[in-house]
Each structure stands twice: as C-alpha cells, then as structure tokens.
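Load the model in your viewer and keep the sequence panel open. We will go stop by stop, selecting a few residues at a time.

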Amino acid sequence: MKAMTLNDYGTEASFVEADMPRPAAAPDQVLVRVKATSVNTIDTMIKAMGKDLPLSPDLPAVLGMDFAGIVEEVGEDVTGFAMGDEVYGCAGGLADLQGALAEFMSADARLIAHKPKASRCARPPPCRWWASRLGKGCTGRASPPGRRCSCKAARAVWGISPCNWPTISGPRCRRPAPATASFR
C-alpha cells in the first residue's frame, strides 16, 4: 500500500511517499480503506518535536489520527461493524499505532463510528498532494465559496465545511458535496 512516512523529526523534516505492507485487523480491530484524512495540530507537533512528546511514534512513522473510510476486514472479536460499512474515527498515528496517512489502517473498533447517513464527504487527493501540504497547520476557520480557506480535520472528514482538503494556503472553497455522497 502507499503511505506518507516521516523518517526524521524536526521542522524541516519531510514526509515521503513509500510502499508498505498492508496491515491486518487484530481480533479487536477493523481494517479500514482510508478515503479521507487530515493533518491536525497534534500531527504537526509530533513532526516538529519528535520524541519530546511522550506518545510520538518510532521512525519511520505514518502519522494521521483522523480518518473516514470503508471497512475492508473485521476482527473476530468485533461486533457492530461489517465489511463495506462507511466509518470515521480518530484511531492512529500515536505510539505504536499506524496513522491514517496511508491507503489502509487498522483501527480499534472502540474508536470508530458509522458515518451518519446525511454527512457529506469529499474525495481525498492523491499522496503527492498530501506531501506538498503536510508541513502546514489548520486554523479551524471556514470561508465562503471562492475564497481561500482552512478548516479543522473533523470538518474535512465529515464534509460539513464548504472546503475540500483545506490548508492555510488552501484551495479555493467550493460548495459541499450533496448529502447523499458516499466514500466510494
């Protein structure tokens, strides 16, 4: 699978696109095909401060805590989720947990939820797009369509904001996807 990996810590460190083995779901986990993710403040702090933060992962690391996607595999002890379910959560990128800046991630089933039927979701950009923006933080502000904007991860994952994958120097805002949009 493709993933954005961090091989060094520091403000000048870069994320690198890499091929990694696809993870498997442990008995209490689900394997999620990541369809949307973000870089939030914790990710930028880990990148800049490294092991000065107690939950920073060992290198090379795949960061990214927030995600939305589709369940591909269900662990034997998991109930309430099935293959094909659209889900979202905050379940990786810290300590020994692989993050969401990858095509797939294993997630503890207690840290995910089913996507609300009425939520709006936009398609994520390819890995190279992530690489060009991973050093930038988010401010949580949204702007009207046509203006430059930035939003918090939850807004991007849920699709509530009029922005698709915004960053501080982000893309032009657009109208949200229809409420019937799916991750597929």
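Color by relative accessible area to begin. Buried residues make up 47% of the 184 residues in the protein. Buried means under 20% relative accessible area, exposed means over 50%, and partly exposed is in between (1.4 Å probe, protein chains only). This is a predicted model, in which local features need pLDDT of at least 70 and side-chain atom pairs count only at pLDDT 80 or more, while totals for chains, interfaces and linings use all residues. Residues are numbered from 1 along each chain as its sequence is written, and side-chain values use heavy atoms, with hydrogens and water left out.

**The whole chain**

Switch to cartoon. The protein has 3 helices and 7 strands. Read from the N terminus, the order is β-β-β-α-β-β-β-β-α-α. Helices (H or I, at least four residues) and strands (E, at least two) are DSSP runs, numbered from the N terminus.

Now show the surface. The protein exposes about 9,300 Å², and carbon and sulfur atoms supply 54% of that. Accessible areas come from the Shrake-Rupley method with a 1.4 Å probe; for residues, only the protein chains shown count as cover.

**Helix H1**

Select residues 41-49, which form helix H1. Which residues of H1 are buried? Asp43, Ile46 and Lys47 are. Look down the axis of H1: these buried residues fall within an arc of 100°, so they line one face of the helix. The arc is that of the directions from the helix axis to the C-beta atoms. An α-helix has 3.6 residues a turn, so residues three or four places apart point the same way.

Next, select Ile42, Met45 and Met49. They make a nonpolar surface patch of about 230 Å². Patches are made of residues with over 30% relative accessible area and no salt bridge; like charges are joined within 9 Å, nonpolar side chains (Val, Leu, Ile, Met, Phe, Trp, Tyr) within 5 Å. Met49 counts as partly exposed because its relative accessibility is 37%.

Check both ends of H1. At its start, a side-chain oxygen of Asn40 reaches to within 2.9 Å of the backbone nitrogen of Ile42. Just after H1, Gly50 takes a positive phi of about 60°.

The backbone oxygen of Gly50 lies 2.5 Å from a polar atom of the Ser56 side chain. A polar contact is a pair of N or O atoms within 3.5 Å; within protein, one must be able to donate a hydrogen and the other to accept it, and residues adjacent in sequence count only if both atoms are side-chain atoms.

Ser56 sits in the loop between H1 and E4. Is Ser56 buried or exposed? Ser56 is buried, at a relative accessible area of 4%. Leaving aside neighbours within four places in sequence, Ser56 contacts Tyr9, Ile46, Gly50, Lys51 and Ala95.

Move to Pro60, in the loop between H1 and E4. The peptide bond from Leu59 to Pro60 is cis, with omega near -5°. Then pick Ala95, in the loop between strand E5 (86-90) and strand E6 (104-108). Ala95 has a positive phi of about 50° although it is not a glycine. Most residues other than glycine have a negative phi, and most peptide bonds are trans.

**Salt bridges**

How many salt bridges does the structure hold? There are 6. A salt bridge is a side-chain nitrogen of Lys or Arg within 4 Å of a carboxyl oxygen of Asp or Glu.

- Select Lys2 and Glu17: their closest N and O atoms are 4.0 Å apart. Lys2 is in strand E1 (residues 2-6) and Glu17 in strand E2 (residues 15-19), 15 residues apart.
- Arg33 lies in strand E3 (residues 29-37) and Glu72 in strand E4 (residues 66-74), so the pair ties together parts 39 residues apart in sequence.
- Select Asp58 and Lys51: the closest N and O atoms are 2.8 Å apart. Asp58 is exposed at 57% relative accessible area, whereas Lys51 is partly exposed at 47%.

Terms used. Contact means heavy atoms within 4.5 Å.
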